[in-house]
Amino acid sequence: MRTTVSSAVLPIYRYLLVIGLFFLSTAFKKEDTGIRAVYDLIERVTPGYGKQFVLEQIPAGTDGQDVYEIGGKKGKVILRGNNPVSLATAYNQYLKYTCGAHVSWFGDQLNLPKKLPAPVESQKGMHVINGKYRVYMNYCTFSYTAPWWDWKRWERELDYMAMNSINMPLAPIGLEAVWYNTLMKYGFTDKEARACLAGPAHSAWQWMQNIQSYGGPLPLSWIQSHVELGQKVIKRQLELGMQPIQQGFSGYVPREMRQKFPKAKISKRGGWCGFQGAAQLDPTDPLFQSFGRDFMEEEKKLFGAHGVYAADPFHEGKPPVDTPEYLGAVGKAIHQLFKSFDPNALWAMQSWSLREPIVKAVPKSDLLILDLNGGRCNKTHKEEKDNKNAPVWGYPVVAGNLHNFGGRINMHGDLRLIASNQYATSRSKWDNVCGSGLFMESIIQNPVFYELAFEMPLHAGEVNIEEWLAGYAARRYGAPSEKTAQAWRYLLEGPYKKGTNGTERSSIIAARSALNVKKSGPNKGLGIPYSPLLLWKAQKLLLEEADKMGASKPYRFDLVDLQRQILTNLGQVMHKRAAGAFRKKDRKGFLLHSNRFLELMHDTDVLLRTREEFNFDKWLTDARSWGTTEEEKNLFEKDATSLVTIWGGDGDPRIFDYSWREWSGLIENFYLKRWKMFYDEMLGYLDRGEEYKEEGLPLAYGREAFRANELYNKMGDWEMSFVSTYNKARTPITEGDEIETVKRLFKKYSEISKDYYSKEMAADKIKDGKSFENLGED
């Protein structure tokens, strides 16, 4: 008798709850259920205010556009929309632009009167939400940000999605059970099936076909608990009128399938970033249709089948045969699988590894292409049928933004570009552009960027960014202020200036130590592409409003985040001075600057510990909370640690520090100790009068390889040991007051910075916005 994971593993009381909710839901019409879902959302976000709203459903707009209206009558706020997402959007817009309130990842500013005001005149009338699809999340987001989220955290995010007009979220939660059940059906034992599954912090790359097993074997308790979590998430998405993107099948299988089905065309894929390649079941092999159908049927049993299925054949890899004929056959086979399973299936395909013959094997009505970074919507391909130029050969395409990589913490993002309304620009050129998307690898950073990006589908054209930022600051902090508006104008010309989208600049704090630090990971190098004085000027203005704004949690977060960026920018100069002193054999100067840099790192850790958002201790605590035994807790802690340090690999890691984070706990116990280890070694060279040569060492992704020399070999051993050390989280997770800590550090480093920024900079005689790529060089 084979074991599978199903709802049967859940306690009986949960069954009774599910049955009760089913009978309750059948008592309402479909539109009533959606309205009830939005009433519940309102009560979760603003408890006690639901009775002051009247929600009404209205028809969709022209060509099926999502629309909403905000009005008032007899002391009630009337919200109208053609679906729950439109209603939730209306609610959020009312909070923002009538009440001056703000809901965010970093705490809310909801200083509302007991009696809600009537909507302002500008909010009345019909409003259109542009784009048929507003897509949200990248597979990576689920591992870099959300692997340890529980239902409470997911419920909050789902409310946030609906309030920000998201109607097509990626929904892979619980896929472990789909794979487990399918593998068991195909002759795998319980142990074998679980051994194939990657740990939660690395599962995204299994779903994207890159790896298997790393971070496992996955405990059955995790698989079972995430069936329940995934069901809750899908159920809520449907209640809110969203269209989830579920997992399809394009041939990825574990390597062990080759032994179990030796006659099938199953090839081992090439390695990926230091990992062994998984295996690929050829879509033209008969086993593909039967295995794929069973996989999708298992998914349907657990989570339902909701019409949109993701598949990215040969993602970040090479096909076994690279000819148009073969790739066309692959496209036809996957399309056949989806349509035989669900006659109304829509295939969602990322643009990351797009191949023309695969695309063109599918009818345009059955394929939606997700242009993750929007690059393809700015390019053209000759469309064969009607000889018109159009992105992605004229197929329906969502124009996206890919703002963050790996969860790295760095203030950046081209706000003027976002305010220009990229979707409207693309749509004006190409009829096949049918929506917008946010496909960042991680969230919970740069809130201003996402707040603006979420709002852009509500605008037909360009937004005046200076005016928008002043209103953003007033809502976020709870009151209008010329000082906070000016602070954000400084930031607009600093970290949020033109050209700052995409990959983050490196962090000196998170960089693996070197004299000439090239990068902090496989990303852009160091340098500050704006005047660092802009941040000091902005922080000074924000701090002057502390008495007025201090009750706002988002205000407190912004103070901490800005001070963090000020310190890490200053750290670049400090280390350059230390390295320069070393090269000059100036022991006194080396000690001065290196010790100051280590102290700055400690102070940054203290600063960030005032908040939960940038907190390694919370990350570890959340990971361990999913374990039901000490062994499971340790497994999850190791997986969580690996991702943000060595990343992982089958052997020595190659993409180590890809997911660097300026996080409390990670700075104090990993980055600072790594830097101290390096500085101690360099001091030894000075004391012995020996030369240390860094030039010519082997590189990996543009910086010294993991074991580039004896020093890095020693460092690598320590890093690997750190990953396998358990119960690292400090308690309490947070400590200290944000405003008091920021004031103290701002004052302290204002004085110290005078030794590092030139007299001209200190006197502010330079032109704001100047680039400081070589800041701190002698």
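This is a predicted model: local features need pLDDT of at least 70, side-chain atom pairs count only at pLDDT 80 or more; totals for chains, interfaces and linings use all residues.
Q: Why are helices α21 and α25 called roughly parallel to each other?
A: The axes of α21 (residues 553-583) and α25 (residues 666-688) cross at roughly 20 degrees. Angles under 35 degrees count as roughly parallel, and α21 and α25 are therefore described in this way. Their axes come within 11 Å, and the crossing is left-handed.

Q: What makes the residues of α21 and α25 count as meeting?
A: Contact means heavy atoms within 4.5 Å. By this criterion, His575, Ala578 and Phe582 in α21 meet Trp675, Tyr679, Met682, Tyr685 and Leu686 in α25. By class, this contact has seven nonpolar residues, one polar residue and no charged residues.

Q: How do you know that the span of helix α5 agrees with its 13 residues?
A: At 1.5 Å a residue, α5 (residues 151-163) should span 18 Å. The C-alpha atoms at its ends are 18 Å apart, so the two values agree.

Q: What makes Trp154 and Leu158 of α5 count as buried?
A: Buried means under 20% relative accessible area. The buried residues of α5 include Trp154 and Leu158, and among them are also Glu155, Glu157 and Asp159. Just after α5, Ser165 takes a positive phi of about 75 degrees.

Q: Why is Val54 called partly exposed?
A: Val54, in strand β1 (residues 53-57), has a relative accessible area of 26%. Buried means under 20% and exposed means over 50%; the value of 26% lies in between, so Val54 is partly exposed. Not counting residues up to four places away in sequence, Val54 touches Tyr39, Lys76, Val77, Ile78 and Leu79.

Terms used:
Residues are numbered from 1 along each chain as its sequence is written. Side-chain values use heavy atoms; hydrogens and water are left out. Axes are lines fitted to C-alpha atoms, for helices over the stretch in contact, and angles run from 0 to 180 degrees between N-to-C directions. Helices (H or I, at least four residues) and strands (E, at least two) are DSSP runs, numbered from the N terminus. Angles under 35 degrees count as roughly parallel, over 145 as roughly antiparallel, 65 to 115 as roughly perpendicular and the rest as oblique. A crossing is left-handed if the near helix is turned anticlockwise from the far one by less than a right angle, and right-handed if clockwise. Ala, Val, Leu, Ile, Met, Phe, Trp, Tyr, Cys and Pro count as nonpolar, Asp, Glu, Lys and Arg as charged, and the others, Gly among them, as polar. The expected span of a helix is 1.5 Å times one less than its number of residues. Buried means under 20% relative accessible area, exposed over 50%, partly exposed in between (1.4 Å probe, protein chains only).
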